[in-house]
Amino acid sequence: MAVHHLQTPFSEAVIRQLRVEDIVYFNGTLFGIRDLTQIYMFDQNHEPPVSLEGMPCIHTAPSLRKIGNRWEKICVGTTTSTRMDRFSPDLIGKYGVRAIIGKGGLYEESLQAMKKHGAVYLAIVGGAASLETQQIEEVEAVYWEHLHPEALYKFRVKDFGPLTVAMDSHGGHLYFDVKKEALRRLPGIYNQLGID
Amino acid sequence: MNDLDYQVVEEVAKELYIRALCDLPPDVRVALKKAYEKETRATAREAFKAMLKAVEIADAQKTLICQDTGLPIYMVKIGSEYCWNGYMIKEKLTEGAKRATLEFPFRGSSTHPLTRKNPQTSVGKGLPVLYFDYVKDTDCLDILMAPKGSGSENMSTMKMFYPAHGVKALKKFVVDTVVESGANPCPPGVIGVGIGGTSDLVMRLAKEAIVRPVGQRNPDPEVAEIEMELEEAINATGIGPMGLGGDISTLAVHIEMAYTHITQNPVAVNTQCWPARRSRAKIYPDGHVEYGY
């Protein structure tokens, strides 16, 4: 388990170094996206008003408050990624996103896009929103404000993590591995419980 | 002697919701620390460290541990030695849940199932979820509050087995549910299991099981035995914290049981995420309140 301290934007070379089960912390910019953000982008064909090239995107659950022109954080957590799987290959292929952060992981097509373009999936500890909120230094911008709380958010973060590399650019997929191992162990477990 | 000002129930309902979201019960903290000490996989240890840090930050800043403030559930036990007004209790609990949401303020998650409109109050038709039970030899109103987030609630399962399937079918169902749920319910949480009853009662039993203090066994030794067996089985799957692999996949398995029909053999699983949130208060007829977990 290697521990990496990174800075955004991420280069392809840096991302290709990451392997499943490595731990990542990073500083810099983090974009927050959600179901509706991506429906708006991909199904309704709206070009993002800011470049996502080399950037990490998090499946965010933001509780924010607007004071004048400034957005302040109340509590920002992470939501389940699997719901947004179908957008991920384009996020990586079309917009150059280098890291998708969330919980629960993504599926095969996303894994292939990561392999092809050089991107990773980083798993955050779900439920630990108080920690995540503390690591977000500022809400720098909210694009497509009318979609809030599912807009496009630009956060500035410091020592954001720990994030576990759960899908890498070499075809490694930690969730698949863990599931496969659990299924391998199940017959033995059934046996212990007296289940034939 | 119905002279209690029921406003106290509203204040308590509001306070309980906020307390549950910000202050993790001591038994859950102990269980998380023990899990961290026992865990051997390096990435899983990092996850436990982050969990414990999140709890600490929530303490220091009096803030939410998790942004999913869930749907509010109040489990109420009405003491027999005072004439409690059930309707007033229901009204005030509802108002208290709403006020917690608006006054803290935090995101309300209650939504109309067809229009998907969210009133941002955490309540609405049928909400909060209210359970009433009645106990003797006390005059107090005992309220347990649990906010239920969607990551874990979406993984709930129930099945009506037949008597011919035996107890082993129930055990297999629980283990299979946990493996199938994987990372989604933010493991390692409390696995609540209901055994017996009717289809609705078995789910309610599973829900009651998740709010029992972690480490407390079912008083029936036969049931407690199955709890321990299932804990060991679930940890042996290697699912680990956040489904990323590890030695600890559950903090505890709790089973609640009820009698069922001679032709039935129901089981239900309701998972609570690692921040197994709950709070509790006792209200006495003189308006005195005791808070706990």
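A: What follows goes from the domains of the chain to the sheet and then to the helix packed on that sheet. The model is predicted, and the domain assignment divides chain B into domain 1, made of 7-23 + 65-149 + 277-292, and domain 2, which covers 151-272. Taken over C-alpha atoms, the centres of domain 1 of chain B and domain 2 of chain B lie 25 Å apart. Where these two domains of chain B touch, 8 residues of domain 1 are in contact with 6 residues of domain 2. On the domain 1 side of that contact, strand S3 (residues 141-148) of chain B gives the most, with 3 residues, and by class this side has 4 nonpolar, 1 polar and 3 charged residues.

Turning to the sheet, chain B has an open sheet of 4 strands in the order S4-S7-S5-S6, and the pairing is mixed. Strand S4 (157-161) and strand S6 (250-257) of chain B are the edge strands, each pairing on one side only, while neighbouring strands of this sheet are turned by 15° against each other on average, with direction ignored. Between S4(B) and strand S7 (residues 265-272) of chain B there are 5 bridges, and the two strands run antiparallel; Thr157(B) stands opposite Val269(B), a residue in S7(B). Helix H8 (residues 221-235) of chain B packs on the sheet, where it touches strand S5 (189-195) and S6 of chain B, and the direction of H8 makes about 145° with that of S6(B).

Definitions and conventions. Residues numbered from 1 in each chain as written. Chains lettered and ligands numbered in written order. Predicted model: local features only at pLDDT ≥ 70, side-chain atom pairs only at ≥ 80, totals over all residues. Domains from an automatic or database assignment. Contact = placed C-beta atoms within 7 Å. Nonpolar A, V, L, I, M, F, W, Y, C, P; charged D, E, K, R; others polar. Pairing = 2+ DSSP bridges. Axes fitted to C-alpha atoms, helices over the stretch in contact; angles between N-to-C directions.
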